[in-house]
Amino acid sequence: MPVQSDFSRQVRECTDRLSAVGVGALGLLFDLTAQRLVRFATALTRHQHDAEDAVQTTLVRLAGQPQSLTRADCPWAYLLRMVRNEALLIARRKQRSITTSNLGDLVTQCLVDEAEREESHRAVWVAMRSLPQEQAEVVVLKIWEGLTFSQIGDVLTISPNTAASRYQYAMTKLTSRLSKHSPSQVAVAKQAPREVICD
Amino acid sequence: MIDRLHGHEPPDELESLLLAAGNYVRPSDDLRPRVLELARTERQERRMQRNLARMAAAVFLMVMVISAYRQPANAAASQLFSPAMEAVSLEAEASARRHDPSWETVESFTDIRRWQASLLRL
């Protein structure tokens, strides 16, 4: 089941280039995928430093053995799986005690005209951190990566039905935790320009 | 649920809220240089290890070749010295016999039998 989208195709191109050129092309793959990978790993480890360690380890390993990614049916799904494995390893090794309301580890960005919605973004991340890891990863893959449940099942090596049920449980929890942010914030969120960035 | 399984339905309010927060987290500024630097360092280490392995293989090959060339010369040398070596070993054996009491007994017994035989012949 290849995850075929524009993004997947871009990842495939970067992978081929990495395989042909070597470390010199790693910057391209980083620019294309780092934000998504860090986001995914942060949802798993609940700490951005650990998430970045996982992404770093994965990308450095890939630079040494790009064939593993080139041979994959869908390099993007394979990359997500690699980062997930690494993130879970790190999370297990470090066993941090994390208070879900503390987002101090996050490096954030907010568009200039989105500043007013920062509170809702933070609420979303706090709510995401309160989810069990199995549910959080499904939400990330479904909402932020736009994968189908079948594709999510492939990445997480679970059945599509399991992925769907985890998603349902997660959404139920998120609904109750984010209910106060929903109606008004969403109206603003739907017309969000995404070009200008401020830290 | 079937539609949801294939992700075709329009996102509801909560999904939009979540979607909007997707780009809120970004990688830290030093992650890119850190990754590239580490990847380069590891590439250099791999190259060095590969070169060392090649050098070790070359040295091993040289040793094999040299020892293969040396073996016939050694054989010739051993053939050249073999008569002398044989003589030396025989002499050593004889001297060992001379100083060994059991061999002396055997020799004296042989001498007596030889003397008796000469007497009988007379």
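How many buried residues does helix 4 of chain B have among its 21 residues? I found that the count is zero, so I put this helix down as hardly covered, where buried stands for 20 or more other C-beta atoms, placed from the backbone, within 10 Å of a residue's own.

Before going on I noted that this is a predicted model, in which local features need pLDDT of at least 70, side-chain atom pairs count only at pLDDT 80 or more, and totals for chains, interfaces and linings use all residues. Residues are numbered from 1 along each chain as its sequence is written, with chains lettered from A and ligands numbered from 1 in the order in which they are written.

I then looked at chain B as a whole, which has four helices and zero strands (DSSP runs, H or I of at least four residues for helices and E of at least two for strands, numbered from the N terminus), and of its 122 residues 11% are buried.

For the interface, I recorded that 32 residues of chain B are in contact with 47 residues of chain A, contact being C-beta atoms, placed from the backbone, within 7 Å. Helix 3 of chain B gives the most to the side that touches chain A, with eleven residues.

A:Ala77, A:Leu80 and A:Arg81 in helix 5 meet A:Gln151, A:Asp154 and A:Val155 in helix 8.

Definitions and conventions. Two residues are in contact if their C-beta atoms, placed from the backbone, lie within 7 Å. A residue is buried if 20 or more other C-beta atoms lie within 10 Å of its own, exposed if 12 or fewer, and partly exposed in between; C-beta atoms are placed from the backbone.
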